[in-house]
Every structure is written in C-alpha cells, then in structure tokens.
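Subject: Structure handover

Hello,

My notes on it follow below.

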Amino acid sequence: MQFNYYFLKFLSIELAQAIAGKSISSIFSQNKNELVLVFDESQLFVIKANLSGHHSLLSFPQEFSRARKNSVDLFSEIIGLKVTGVRQYENERAFSINLENGYDILFKLQGRHSNIILYHQNSVHSLFKNGLEKDLEIQLDQLDRVIDQSENAIIDNSFELAQVYPTFDKNIKDHLKSCGYFETNLPNEKLAILRKLVDELNQSEFFITERDGIPKMLLFKPTVFTNTFDRAIEASNFLAKNYYSAIGIAQLKQKMGSEVRKEIKKSKSYLYQNKAKLEEIENRRGYDELANILMANLHVSIDPGIKSIDLFDFYQNETITIKLKSNLSLLKNAELMYRKSKNQAKEVKVLSENIKAKEKKLAALLKRLETIESTEDLKSLKVLDKGSVSQKQETLSSPFMEFMIDGFHVYVGKNAKNNDLLTQKYAKKDDIWMHARDVSGSHVVIKRPNGINIPIHTLEKVAQLAAWYSKRKSDTLCPVIYTPKKFVRKPKGSLPGQVVLAQEKVLLVKPEKVSF
C-alpha cells in the first residue's frame, strides 16, 4: 500500500523537506528495474526505487554503497542540478521532483506499470523503463485529477466509489467491507463510514502488519500489527527492509524446499519399488531348493532338448515343474541353479543394504525439510542452503541417467563431456566401467558397494544398456568392453569422452533398453 495516493501525499511532503536545495550527485541503476538517486553526498540523501511489479517499493537508505560492476549511469543531463520542490499530483499515484533549468523527475507509481520519467520544459526527455512506450504521452500539466468528493457527489453517483474515490485500492475496499459499508442500504450510515475512513486516511499514522509472513503497510489500524509510524520515510524504510528480507526468505525456502521434496519423492519411489522387488525375491522359490530337487533325481533320464521336467518336491510334498536349460544335463542345470542361488543371495544383500541406506537418506531429507520450513532467519537459511559439499552431493539430483539393475546402481553418461564427468569424478576405482567397443557411445558405470562381486547375468544386462546407448544400437550383436574403473585413464589433451584402458574383458550382447 506504499504506492497508495494517500500515503504518497505524506511522503512527498517529507521528501520536499529532506531534499529542498540539495543537488543531484548521481543517478544510476545496478539491478534490473532499480534506480538509485543520490543527493548531496556531503549531506547524503538517497532514494532507492525498485519498480519490479509486485515487489515495487521506495526506500531511503541512510548509507548506500554503489557496486563497482554492472552499474549504469542514467539521466546525466540533470547531474549537479538543485531541487526546487516536490509536487504531489491530486488523486494520482504520482509525484515529481522539480529541478533547476526546467527539469522534472516524475515518479509514476502504478504497480507493474511504474516508471520514472525525466521531463524538460514539460516534455518527456527520457524514460527509465523504455518498454513502457505509452509513458511518452504523459503530460505533466494534465496529471492532476480534480474530483468532486462532496457528500452530494457521492449520493449522485449512487455510492459507487470508482467515480468519486478512484484512489481507493483493494485494501481500502476490504476495510470498508469490514466496516459494513456494502451491507447497509442507509445513506447516512454509508456516509458516516466514508467520513471516518477518509479521516483515517488523512492522518499521518502508518501501520505495518503481516500477511502470510510478508510485511505490508496499511493507513488504518488493523486488528493485528507489528509497528506504527508517524513518519512516511521511516515507515518506508522499515517496510522495505522487512519486506525484502521476508521475500528473500520465502523465495529461498521455496527453492530449497523444492529441491528436497524432489529428492524425497525419488527416495520414496525407490523404496517402494525396491522393497517390492526384495519381497518378490524372498517369496520366490529358492534356486538352492530347486537345485537340491534336481540333485535328488539325477537318476532320471531326460530326452535331449527338454525344456522342463516334473519331479517330486520333497519340500512341499507335491509335484513341481522345473524349467531347464535344454542343452544341459540335470547335473549341469543343478550347478547353474546353485550359482544362481549365490547370485540371488548377493542380490538380496545388495538390495537390503541399498534400502537401508535410502531409508537413512529419506529420514535425513525429511529432517532437512522440517529445518528449512522452521527457519525464519535469512542468514541462517543461507548457511543451511550452503551446507557442506557432501550434503550438496547428497541432495542434488544425479547429472546422469540412472538405472537400478539387480540391486546395483547403474549410471549412464549423456554426452562426451558428461562421460568424462562420470568416469573421472563420480566413478570409484572398484566400480565397473563399460563401453561399446570401437564406436562412440555412453560411458556406463556400475557402483560396487563394499566391493561385492557383480554376477555375470547383471554384467550382461548392463552391457545391453551400454550397447543400446552407442552407435551400435541397431546391430544384432554388439561387443561391450568392461573393466574396473581403476584401469581406465584419460590421456592429457585427449578429446572429451576419450579414454585408454590398461586391461579389459568383452561381452557380446544384443543392444536393448530392457525394463530392469
């Protein structure tokens, strides 16, 4: 409500007293939509005009340091000129600072259309916000709006306020509503409410209240307020300081909270999917039991090429159908299932450890979100936002494509520079590194928690992924090289994504982006 006509009336009077006879030392902008006017540096007076839409405010800092960079001088024609007066335009959200030699600086304060306009001999000389081209048509001698606001005029206009009091904004109308103005049909009651309101608006008393944590100014006493002022400049400075602090806190909270909520959502999704997978594995018939059943029936002869066999299940006392590798004997099938049993146990271990780690991370994220939402001090919030490097890495999303394959985290580079970042900065020495052989493609890294050996069937699945994200994507079969990351080296001066390997193994797989 600082740009309300009734407040500006008091502000322009105080400005006239503060800058009368002072000369302009400098006018510059160092932030978008912000103009700073400095008067008499020996007896400093500063007007800081922020005209950025909903956050537009005037303030008058007692101390001000100009930035060394990104600062642009404006309105150079009036530097050194003295102030001869300040004029408030009637029923208009605008005032002008009058200067020597026929110059005037108009402060047109109309929300997102606010602007500061330099006039010479009553003609527009230049605009602060050049995008508001219609401001070139504004004539100073036509800004005053003389309006009959007598009781007869109010009655003649059927108590419609837009014609008689166009300066009443939403806050004033809300106040009228709370006083019963729009509920009563009695003319005398309406006039009495209006008289009382206008008397309040014409008193030099300004109240700072809060709505949703954001300070705002009112010209009439609200039910809840934090501070009262009888000087417009003091009220403006208090409002600006607390407003921008509150806005800064709200914006930083929103940014930090959004990042953490995104990670919370990802963590919950991860836990849901992997707990379901762990439950499915644990409830699945164990390969060791199937292998034991096969070993107990090695005497049974099978036809070549058979793909399944019905045998007695001594665990469940019933017949069970067991799928077989058609080119293997019962003994070899049993050996294969024993290996799968070991791999299954590793997969369960890895999944359990990953779930435990993710639950720990989720608890930390929830605690961090609670801390963000409860912190009301901007300085403390900035410290919290900065955090440690490890906290940053923990909360930020991975810059790579991510997959979970058999309980193992798999990361895929997105381009050549991203490949370098993955291989050189993120991959640890014992992680498994993969790449399609002899063609360009993504670097692929399998994380190895606690040095756990990665089963061959998992390596084959990841190799399919490496082949898919390569130039051999359309081939029937693709050779994929793999090795521990410690054997991968980037030669000095090599192009992005280029590496050399000290040793390697090869898997021949079908390129496929399968669902894991």
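Ile 24 stands opposite Phe 39 in strand 2. Strand 1 (residues 24-31) and strand 2 are paired antiparallel, over five bridges. Here, two strands pair if DSSP finds at least two bridges between them. Helices (H or I, at least four residues) and strands (E, at least two) are DSSP runs, numbered from the N terminus.

Before going on, the ground rules. This is a predicted model: local features need pLDDT of at least 70, side-chain atom pairs count only at pLDDT 80 or more, and totals for chains, interfaces and linings use all residues. Residues are numbered from 1 along each chain as its sequence is written, and side-chain values use heavy atoms, with hydrogens and water left out.

**Strand 2 and its neighbours**

The hairpin of strand 1 and strand 2 has two residues between the strands, and Asn 33 takes a positive phi near 65 degrees there. On to strand 3 (residues 45-50): six bridges join it to strand 2, and the two run antiparallel. Leu 37 stands opposite Ile 47 in strand 3. That hairpin, of strand 2 and strand 3, has five residues between the strands, and Asp 40 has a positive phi near 40 degrees.

How many residues of strand 2 are buried? Six of the six residues in strand 2 (residues 34-39) are, so the strand is largely enclosed by the rest of the structure. Buried means under 20% relative accessible area, exposed over 50%, and partly exposed in between (1.4 Å probe, protein chains only). In a regular strand, side chains alternate between the two faces of the sheet. Both faces of strand 2 are covered: Glu 34, Val 36 and Val 38 are buried on one side, Leu 35, Leu 37 and Phe 39 on the other.

Three strands form an open sheet in the order 12-11-13, with antiparallel pairing. Strand 12 (214-218) and strand 13 (227-229) are the edge strands, and each pairs on one side only. Neighbouring strands of this sheet are turned by 30 degrees against each other on average, direction ignored. Strand 11 (residues 206-211) pairs with strand 13 over three bridges, in the antiparallel sense. Asn 227 in strand 13 is the bridge partner of Ile 208.

Helix 6 (residues 232-283) packs on the sheet and touches strand 11, strand 12 and strand 13. Its direction makes about 155 degrees with that of strand 12. Contact means heavy atoms within 4.5 Å. Axes are lines fitted to C-alpha atoms, for helices over the stretch in contact, and angles run from 0 to 180 degrees between N-to-C directions.

**Helix faces**

Helix 7 (residues 287-295) has Leu 290, Ala 291, Ile 293 and Leu 294 as its buried residues. Down the axis of helix 7, they fall within an arc of 160 degrees, so they line one face of the helix. The arc is that of the directions from the helix axis to the C-beta atoms. Their cover includes strand 14 (308-313), strand 15 (318-323) and helix 8 (330-374).

In helix 9 (residues 378-386), the residues Leu 381, Leu 384 and Asp 385 are buried. Their arc is only 100 degrees around the axis, which puts them on the same side of helix 9. Lys 379, Lys 382, Val 383 and Lys 386 are exposed on the other side.

Glu 376 is in the loop between helix 8 and helix 9. It counts as exposed, at 54% relative accessibility. Not counting residues up to four places away in sequence, Glu 376 touches Ile 249 and Lys 253.

**Rings**

The whole structure holds 15 aromatic pairs. Rings of Phe, Tyr and Trp (its six-membered ring) pair if their centres lie within 6.5 Å; planes under 30 degrees apart count as stacked, over 60 as edge-to-face and the rest as tilted. Tyr 6 and Phe 168 have ring centres 6.2 Å apart and planes at 50 degrees, so this pair is tilted. Tyr 6 lies in helix 1 (residues 5-19) and Phe 168 in the loop between helix 3 (161-164) and helix 4 (170-178), so the pair ties together parts 162 residues apart in sequence. Both residues, Tyr 6 and Phe 168, are buried. Tyr 165 and Phe 168 form a stacked pair, 4.5 Å centre to centre with 10 degrees between the planes. Tyr 5, Tyr 6, Tyr 165 and Phe 168 form one aromatic cluster.

Best wishes
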